[in-house]
Amino acid sequence: MQSPSWRRSAAFFHDVLVAVLAWFVAYLLRFNFKIPVEFTVSIWQVALFVIPLQVLFFIQFGLYKGVWRFASLPDLKRILMAISTAAITVVALLFMFKPVGIVVPRAVLVLNPILLMLMMGGSRFVYRSWKEHKLYGFNQMRGEPVLVLGAGEAAIALLKDLERSQEWRVIGLLDDDAAIHGREIMGIKVLGEVAQLPEIAKSLDISNVIIAKPADAHQARRRAIEIASGAGLQVFTIPSVEDLMSGNIKISKIRHVEIEDLLGRDAVQLDNSGLQHLIEGNAVLVSGAGGSIGSELCRQIVKYKPDTLVCLDISELALYNLEQEFSREKTSTKLFYMTGDVKNSQRVKSLLEQFQPEVVFHAAAYKHVPLMENGNVWEALSNNVIGTYTLAKACKEAAVGKFVLISTDKAVNPTNVMGASKRLAEMVCQGLQEDFSEDISKDISNKSQLGNDEVTRFVIVRFGNVLGSSGSVIPKFREQIAKGGPVTITHPDITRYFMSIPEAAQLVMQAGLMGNGGEIFVLDMGEPVKIAALAADMIRLSGLQADEIKIEYVGLRPGEKLYEELLADDEHTMLTPHEKLRIAQARQVDNVWVKKLLKWIESTQNANEAHIKNELKFWVEEYTPQHQVSSEVLFILDAEQVTLH
């Protein structure tokens, strides 16, 4: 194998020879290949100072730091700068010193740098072309033929990487920009618009497509995915920007399109300067840090460089997994992984005294509806209500600047214990906000309210399902499809709101920044998604047809609703400066009410669950136990059966 120093020496001597040749050829061209006798001596006399001067500038401009095989536009720029500087210097020296008896034709002074540029630049790119053809030339006849949807920067980067791929052979590009139809990008023709994909793929006998559109162009990506999957094609996409920026994944490491690519939404616009002020240099505590939302919150928080991040969770395994993930990252933030139960007042107070956080994100909760509905009713109330009160009260006593409760759309008109417990948790936080203003709309701003007034601001954030979270429907469907089915759905008409985990975490942080105390922020969850349609999309994206995987309807589970709501019947919202956040005007309670609630929960520890559910209606007026709505559900099911028959 040739050493780098040998290759640099070869490149240097090549350029010296090229400089000599360019100087001589410039004279030949000037005199139509018949150099007069009087110029034959001056050619080499002047060359003795011109060529060393040119070589000096070649070295000065770093022409031998690059590798010829990877010669590119920056290398061409360096060559141009070196030659231009040398040419200007030669003309200046000849004009200043006017050597006696030596005349250099002006045409030579013009032709020489042009020839030098062509020879030096051309030889490098000829070498690169030869080398790449030798290494990759046969790849043009290898690999699976594929169409690329998109012709922007992402597509160009993909084409550059796939030039060296033995797995894929790009046949053409499709893009909705009519101005580039019929033109070529890196030798690949733009065949037409994305809507023509089914016809073009059929005519070229292609069964694979790669979506090369950026994540922020979500609507275009979704449309392309739907067209491709609807045509029965294998659909792939490029890695996310986060994966590419990590340096561990190249753009050519394409992957199958997942359902998250269809359900994802446009990127969240964050008040980065405000979040920087809220988090940077401060201590932050996240409860439930090992969960889906809690762990993503930790990832997002670290980006804003807090001095300390305390990750609190009752699960040792969850904390271990989080610790292993962060151990692979480089961060200046001091990370602490603390086990503990939020209901343990002594443990909570000790942690707050030790780390003195400015912001606390409370994500610890029992969240699985059917599990909490029977056999665990009191535990749901204890963990979600008493746990929230214990941590929130300790934060208030420790003068923590912001306390952000992560709530759920299931707290709206709840039909299950889990949803009712989260609604009570919301009310607990509002009750603790003693200085809560009746007109919160007057003082909403995008700046942190962390002052020295030692008043804790309690902020509540309410949103729906998050994509891929533990226990959610998507991992369940994915597992069922992998096993060959059936895919089980509770009801044909059941709908849910979905949001990506990063988006949910980012909006929680944004709401925490904006909140002044006592507000319930409602996230814009977009349009609800029919779970049956979601299952059909997942089956199709798995490369299977609808008749290959059976879908079974198994009936609503305990406490489950056909559809979720983000607002109760008597709630209204107010606008905020952020387009994806609104404030719900919900029923408010005071601290006296909260103390009575806690006393009731403690008194029902050994009570019958049916009795607890019955009394729960007193505390959550909008709560309707499922047995009271079961007749309505049965009516809907009967109507469905009549319609189907």
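Reply: Arg-423 is buried, because its relative accessibility is 1% and buried means under 20% relative accessible area, exposed over 50% and partly exposed in between, with a 1.4 Å probe and protein chains only. This is a predicted model, in which local features need pLDDT of at least 70 and side-chain atom pairs count only at pLDDT 80 or more, while totals for chains, interfaces and linings use all residues. Residues are numbered from 1 along each chain as its sequence is written, and side-chain values use heavy atoms, with hydrogens and water left out.

The side chain of Arg-423 meets that of Glu-426 in a salt bridge, at 2.9 Å from N to O. A salt bridge here is a side-chain nitrogen of Lys or Arg within 4 Å of a carboxyl oxygen of Asp or Glu. Side chains of opposite charge can pair when their charged atoms come close. Glu-426 and Arg-423 lie three residues apart in helix H16 (residues 417-432), so about one helical turn separates them. Helices (H or I, at least four residues) and strands (E, at least two) are DSSP runs, numbered from the N terminus. Glu-426 is buried as well, with a relative accessibility of 0%.

Glu-426 also forms a salt bridge with the side chain of Arg-462, at 2.8 Å from N to O. This pair links distant parts of the chain, since Glu-426 sits in helix H16 and Arg-462 in strand E13 (residues 457-463), 36 residues apart. Both Glu-426 and Arg-462 are buried. Through salt bridges that share partners, Arg-423, Glu-426, Arg-462 and Glu-622 are joined into one network.

The structure holds 14 salt bridges. Another of them is between the side chains of Glu-296 and Arg-299, at 2.8 Å from N to O. These two residues are three apart in helix H11 (residues 292-302), so they too are separated by about one helical turn. Glu-296 is buried, with a relative accessible area of 9%, whereas Arg-299 is partly exposed, at 27% relative accessibility.
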